[in-house]
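Dear colleague,

My notes on what was found in it follow directly after.

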Amino acid sequence: MNPADHSPLWIRGARVIDPSAKRDEAKGDVFALDGLIVEKLSAADQAKARIIDGQGLVVAPGFVDLNCRLGEPGRSARETVRSGTRAAAAGGFTTLVAMPDSLPAADNVGTLQLLREICSRDASVRVLPTGTLTKGHEGKALAPLGSMKKAGVVAVTDTTSGVQNNEIMRRALEYAAMFDLVVLDHCQDSSMTEGAQMHEGAWSLRLGVRGWPRAAEEIVASSDCLLAELTKARIHLQHLSSGGSAEIVRRAKAKKLAVTSEVSALHLLLTDASLANYPTSLKTNPPLREEADRLALIAALIDGTIDAICSDHSPCAATEKDCEFDLAPFGAATLETAFAAAHTAVVAGGHADLALLLARLTCGPAKALGLAAGTLRAGAAADLVLLDPKAAWKPVAADLYSNSGNNPLLGHALTGRIQATFVGARQVHGA
Amino acid sequence: MVLTFVGATGTNRMAQQASWTKKDLTGIEELSRAEIEFLFTQADQFLPALAPGKGLDLMKGRTVVNLFLEPSTRTRTAFEISAKKLGAEVVSINTTASSLVKGETLRDTAMNIRAMGVDAIVMRHSSAGSARYLGSVLDISVINAGDGAHEHPTQALLDAFTLRQRFGKVQGLKVTILGDILFSRVARSNILCLSKLGAEVTLAGPATLVPASLKQAFPQVRIVHDLKEALQDCDAVMLLRIQHERQTTTHFPSLGEYTSQFGLNAERAAWLKPEAIVMHPGPINRGVEVESEVADGPRSVILEQVRNGVAVRMAVLNLCTGAIAR
């Protein structure tokens with residue numbers, strides 16, 4: 001990654017929103033020096049500062065994404081660290097928590113070191129690695145969590161493989177807790193989803209596609225909460241898709257269990273009705289569900305049951321998705337459109353204000369994983385976004401930085417767009 | 001509209017353009033009632049051509065490729081005969097001969113076939129939505145001969161055509177579809193087709209294969225798990241083949257159990273109204289969903305369905321290929 005920009009930076013006259021400090025100023029200034037946020041610049045530094053006019057724009061902490069894939073190592077036909085982090089910068093994300101299901105999987109220190117090397121060379125934004133919970137995310141034997149913690153992982157997860165065995169999950173939670181590692185769990189009972197391609201409901205029945213019931217997610221969300229109670233370990237439920245799962249997390253939080261959760265921006269915007277013509281770009285895991293789920297997820301986002309909005313960026317090559325629906329891989333490339341999708345659904349949709357949305361993109365995810373990110377407090381890294389909440393736009397393939405060919409929102413009318421992104425005060429996106 | 005096929009194919013083509021503009025038949029969902037009825041009037045005209053030694057030359061010089069990526073005897077044969085009765089050349093490609101097993105994509109296979117100067121591709125495929133996908137990729141006609149558990153439009157058309165032939169109309173008929181609805185493309189196409197034509201549809205069978213949630217997908221249907229209730233007031237019962245290859249073992253205990261609960265035998269057929277008919281899309285599992293005494297009995301119209309299938313598919317091929325401007 002590029003080093004921080006040490007010269008002074010002054011973003012002037014923007015609406016400043018920093019949910020970590022409950023700050024929302026209609027017109028304010030943000031200063032940075034030596035790559036860090038500072039309260040003010042000396043007159044000398046002001047005189048030589050780069051000044052950015054924030055008139056009509058919003059400045060906020062850079063976004064923190066708890067769930068994305070960058071293609072490397074091993075899947076560079078889909079995405080590379082270079083293209084994926086450049087896409088992240090365009091989407092306002094300055095910190096990425098990368099899933100470990102690379103080839104080979106990040107289930108060992110060597111692969112993590114390789115990823116670190118690639119990132120130090122190619123990344124535009126901060127990339128925080130995760131390790132698998134079990135070797136090869138096969139759900140059988142624990143991966144070397146302690147060694148991987150030393151190698152820098154911020155969490156462990158078997159990602160979309162899930163952990164199907166409750167005994168292994170229980171021991172994994174206990175063992176991970178010893179290293180203060182949060183376990184991220186993808187909730188899917190695979191015995192209920194064999195051959196399943198989309199949400200089980202009216203649309204799957206109409207389309208003749210094998211359905212994926214809500215219960216397949218909710219059963220695992222429930223067992224995770226029970227195991228959190230048993231082990232007192234920290235667990236974070238990934239990309240909830242059903243209203244029932246949100247309710248399960250709400251109850252767990254009411255019992256003060258150490259459970260947090262996230263939702264993908266796409267699930268806040270779209271439902272299974274979007275699959276009426278078998279678009280492979282919208283074939284995701286978890287699947288898009290019904291309008292009642294979408295509204296329940298937004299409600300859970302607002303009341304804090306859901307801590308974070310993630311991109312769930314899962315790049316695929318265009319050729320992989322140009323095929324029959326059931327043969328296409330799961331996943332959508334979303335880093336560049338996640339903010340706009342969430343903003344369109346939640347803020348433009350009239351459910352909540354921009355400050356709430358930004359909280360779930362910044363301090364919410366940072367707190368869930370205990371990351372020093374997502375804040376404009378003095379002394380923090382100057383990771384910033386400058387955004388225009390009123391900008392109406394339609395994503396066009398030629399404008400996207402991601403190498404993957406599966407952004408599902410091409411041509412979709414969205415409001416809210418990132419104008420500029422800074423990591424350590426160095427501009428990584430925008431004119 | 002009166003259609004005649006004596007000479008002047010050019011004027012026929014022009015006449016049909018007014019009522020049929022679709023190059024593809026990917027599903028019943030995409031058809032209007034008027035289009036279905038128009039297609040039936042054309043199929044009526046084709047019935048005489050089914051006699052041995054008869055045939056037409058409406059598609060002379062055209063080539064139809066049957067791309068069957070799932071096993072089929074009846075449907076593939078019916079399409080072959082339909083195309084030949086219209087004077088077209090037919091090439092059939094089945095799974096084992098296909099290059100798809102070598103890793104070629106469906107798009108590439110289809111583009112190669114198209115490049116050879118073909119007018120229509122008739123496809124059967126295990127993936128739901130594959131016919132629509134192919135139709136959007138190609139500028140030649142794509143006819144869906146069954147896409148996964150989604151649709152089998154020509155089966156539904158020939159079923160409704162048979163009902164119309166028997167009862168004079170489909171409007172107002174009560175039709176029970178019995179068996180494996182969940183995994184059946186025939187059921188989906190029939191629900192849509194019969195509803196569009198004004199029939200009342202009842203779905204019957206075990207709750208695992210006929211889940212209550214089907215009502216959300218198809219609000220117009222009635223769902224019944226009691227066989228007597230399903231049979232006693234219907235004008236026609238359509239039996240669906242129990243598809244061993246699609247069901248996992250969790251959907252019903254055994255074939256024997258299915259037969260004991262839902263198999264149609266003479267005793268249960270007596271619950272039907274006297275004029276009610278028994279239909280089956282084939283192939284029949286004798287002794288499973290239907291006993292021979294019923295399949296071969298006076299209520300059975302199974303072989304009429306097969307015969308009508310050729311006329312209906314002739315109409316489909318002729319209309320769809322005719323919808324492409326040359």
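In chain B, 20 residues of domain 1 are in contact with 17 residues of domain 2, where contact requires that the C-beta atoms of two residues, placed from the backbone, lie within 7 Å. This is a predicted model, in which local features need pLDDT of at least 70 and side-chain atom pairs count only at pLDDT 80 or more, while totals for chains, interfaces and linings use all residues. Residues are numbered from 1 along each chain as its sequence is written, and chains are lettered from A and ligands numbered from 1 in the order in which they are written.

On the side of domain 1 of chain B that touches domain 2 of chain B, the elements giving two or more residues are helix H2 (33–46), strand E4 (141–147) and helix H13 (302–322) of chain B; helices (H or I, at least four residues) and strands (E, at least two) are DSSP runs, numbered from the N terminus. The bounds, which come from an automatic or database domain assignment, are 9–148 + 307–322 for domain 1 of chain B and 153–295 for domain 2 of chain B. Taken over C-alpha atoms, the centres of domain 1 and domain 2 of chain B are 26 Å apart.

Turning to chain A, there are 14 helices and 18 strands, and the C-alpha trace of chain A spans about 65 × 45 × 45 Å along its principal axes. Among contacts in chain A between residues at least 6 apart in sequence, 77% join residues at least 24 apart.
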